[in-house]
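Below are some comments on one helix and on the salt bridges. Please read them with the coordinates open.

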Amino acid sequence: MDKPNYYIQYMTLAQLPEKVMEKYSHVTDADAKMTVEQEYDLGNRYYNGTGVEKNYEEAVKWYRKAAEQGDAVAQYNLGLCYKNGNGVPQSYAEAVKWHRKAAEQGDADAQYNLGCCYDEGNGVPQNYAEAVKWYRKAAEQGYADAQCYLGYCYDKGNGVPQNYEEAVRWYRKAADQGNTTAQYNLGLRYDEGTGVPQNYEEAVKWYRKAAEQGNANAQYNLGFCYENGYGVNKNKDEASKWYQKAADQGDEDAQKKLLKFQKKRGFLSHFKNFKIE
């Protein structure tokens, strides 16, 4: 399963005015005292090139100083630097180490990414039950990606007994926050009638939400609904429109549908298997 992109957190201090070097001009030797917040802030500035020349090695240096004093967000960002090999040799084991420190302090980003590490077996042996544990901690804090992946674990029976109703519950929480994969998978659950009563109108509703945000699988299935009159009136023009959007993203099934439209031949009916993107 592909995972959503990792990202560096930004905190309020990173939004301060641009006179950065004036702010830190007193830091001239190893004995100079900086607060943890200043160390974290300076790490962010070096990482993003805000007011200073971008320098991942310097970013790691300052993240580490703050992380070693227990700053959860610095620990998380240091973990990302190890995960991505920015400023340090790439090391999933070190990424897990720092993500765990932040996760144990309740940082939802770290909890989610630690779950991803267990899910994929990066830096730790693959362990779906541990993945579920950390996804759940982040999901209960309202973290949409974690809610989506927790739903997927229930959907597939990874680390928990398969339970479509629970899958739907977590997909809905993420979908309501605009998570496109959750919207698509929720649409599929309504389409197939697993975890909820079958309802093509609801399937179309959620496919459309995901499709309008560019989800190619949802675009394909929305086109299929228009082609065959599931949850909407049959409309070949609308079907072509959504197949085209999916085809433009490289969806081969959508490309085949368009070719058959052009040749005015019959249509093969099948829905694409759902997946986590």
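1. Helices here are DSSP runs of H or I with at least four residues, and strands are runs of E with at least two, numbered from the N terminus. The model is predicted, so local features need pLDDT of at least 70 and side-chain atom pairs 80 or more, while totals for chains, interfaces and linings use all residues. Residues are numbered from 1 along each chain as its sequence is written, and side-chain values use heavy atoms, without hydrogens and water.

2. Glu58 and Lys61 both sit in helix α3 (residues 56-67), three residues apart, about one turn of the helix. Their side chains form a salt bridge at 3.9 Å, N to O (a Lys or Arg side-chain nitrogen within 4 Å of an Asp or Glu carboxyl oxygen). Glu58 is partly exposed at 23% relative accessible area, and Lys61 is partly exposed at 38% (buried is under 20%, exposed over 50%, partly exposed in between; 1.4 Å probe, protein chains only).

3. In helix α11, Glu202 and Lys205 are also three residues apart, and their closest N and O atoms are 4.0 Å apart in a salt bridge.

4. Lys257 and Glu227 form a salt bridge at 3.4 Å between the closest N and O atoms. Lys257 lies in α14 (residues 252-263) and Glu227 in α12, so the pair ties together parts 30 residues apart in sequence. Lys257 is buried at 4% relative accessibility, as is Glu227 at 3%.

5. Helix α10 (residues 180-192) has 13 residues. Of these 13, 11 are buried, so α10 is largely enclosed by the rest of the structure. Arg189 is one of the buried residues; Arg189 also joins Asp155 and Glu192 in a salt-bridge network.

Terms used
Expected span 1.5 Å × (residues − 1).
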